[in-house]
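Some terms used for a protein model need a stated basis. The questions below ask for that basis.

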There are 2 protein chains.
Amino acid sequence: MINTSTKILDTAQELIQTRGYSAISFQLIADQVGIRKPSVIHHFPSKASLGVAVIARYRESFAIQMRSIKADPEKTAWDALEFYFSPYLAFAETPNKVCLCGALAGEVLALPEEMHSEVKDFMESHQKWLEDIFRTGRKNGEFQFDETPPRLSKTFFSALQGALLIKRSTGDLSQLKDVQKVIRRLLR
Amino acid sequence: MINTSTKILDTAQELIQTRGYSAISFQLIADQVGIRKPSVIHHFPSKASLGVAVIARYRESFAIQMRSIKADPEKTAWDALEFYFSPYLAFAETPNKVCLCGALAGEVLALPEEMHSEVKDFMESHQKWLEDIFRTGRKNGEFQFDETPPRLSKTFFSALQGALLIKRSTGDLSQLKDVQKVIRRLLR
DNA sequence: TACGATCTACCTATCAGTAGGTAGTTTTTT
DNA sequence: AAAAAACTACCTACTGATAGGTAGATCGTA
């Protein structure tokens, strides 16, 4: 039996990923969870606090996974890259899902102040992870590329985030798959 | 003296680009234009119809410019590419602006049905233009690349759209500039 | 005088959030 | 061990503000 706070966070995350933050409400979440609106507010006293909690949990779940793969000496840079790719593909294959922070990026100015730094930190840490993978892979001899790791990671992170959003608008899954193919080929 | 409908469209576009569609209202637009809410509704009888009109105009303004550059035999593929890059840089340099359709892509499921195909068509025609530029440039000998033009255009269009969104979240203008640098170098 | 643009006044639905309370569990005190 | 106090999770009923949208009067111009 999963607790109510977790159910609220799961539901809120799903709704933000599909509809955006501005378009969700306590009522919508309450209906989906099967409780009353004030009960949602009992767990998260404001919409902003719920928003912050959703991003914080999302960020942390990525951070845990990246820490574990970086700590494992068995894993190659290719392994790390493919591992990083996998949630993007999973989102793209779920109809209508994009990265939480990709969805939020479209409406930052309508977001409460407290959420801004959460989104910013998300973007920055993901680009750092990619940069690290590229640097390590080149040092190993696994990857070959001419660009600097920061430029490459910015480009590829932008492409992955963009591809998810475009895929959802066009319905064409190859948007993401082709981006991942191109990235792989550019590193060989 | 610019007419009221145009003022409403300008204001609505600006607000959607900065805050998203869900976060805008007739009242907000009316205040900004300096008229009353029912006067806005007189020109655009529903929020959906206003949304559609904003995207349609935005799409058309790009289409006109792309047609003119493709019709000009003086223009090289590099010219066309730099020309295509320019509005992205202009948006990025305006604090808090992203591509209209990039902003909308984050909240498609909260958008009225009529807007979906407008967003989809936007994405598809932009990728076709890029594909065409790449194909022509390679035939000319201006560009060198191994990938197929559709894959390359998907990747670079994704990267440009993503970069704008990420730039706005992080405040780092190099997000877009670096993406454009990487694209240029990969074509030589 | 006819018409489009604008206005005031209003509608219903929904928004985030509050007030106050009930039932059941846990913790503290006697 | 029993009673009292506090806490947790949820509820009904409400508030003031704002959402999209309507009805109908007035104004300015061709």
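Q: Which residue types count as nonpolar, charged or polar?
A: Ala, Val, Leu, Ile, Met, Phe, Trp, Tyr, Cys and Pro count as nonpolar, Asp, Glu, Lys and Arg as charged, and the others as polar. In this predicted model, the lining of the largest pocket divides on that basis into 8 nonpolar, 2 polar and 7 charged residues.

Q: What makes a residue part of the lining of the largest pocket, and which lie nearest its centre?
A: A lining residue has an atom within 4 Å of a pocket point. The largest pocket has 17 such residues, and A:Asp146, A:Arg185, A:Leu186, B:Arg185 and B:Leu186 lie nearest its centre. Its volume is about 420 Å³. With 3 residues, α9(B) gives the most to this lining.

Q: Why is the relation of chain B to chain A called a two-fold axis?
A: Chain B superposes on chain A by a rotation of 180° with 0.0 Å of shift along the axis, at an RMSD of 0.1 Å. That is the relation of a two-fold axis. The same surface serves both copies, as 100% of the contact residues of chain B recur in chain A.

Key: Residues are numbered from 1 along each chain as its sequence is written. Chains are lettered from A and ligands numbered from 1 in the order in which they are written. This is a predicted model: local features need pLDDT of at least 70, side-chain atom pairs count only at pLDDT 80 or more; totals for chains, interfaces and linings use all residues. Side-chain values use heavy atoms; hydrogens and water are left out. Copies are superposed by least squares on the C-alpha atoms of residues with pLDDT of at least 70 in both. Contact means heavy atoms within 4.5 Å. On a 1 Å grid over the protein atoms alone, a cavity is a set of points where a 1.4 Å probe fits but cannot get out, and a pocket is an open set with protein on both sides within 12 Å along at least five of seven lines; lining residues have an atom within 4 Å of a point. Grid points are joined across faces, edges and corners, and a volume is the space filled by probe spheres set on the points. Helices (H or I, at least four residues) and strands (E, at least two) are DSSP runs, numbered from the N terminus.
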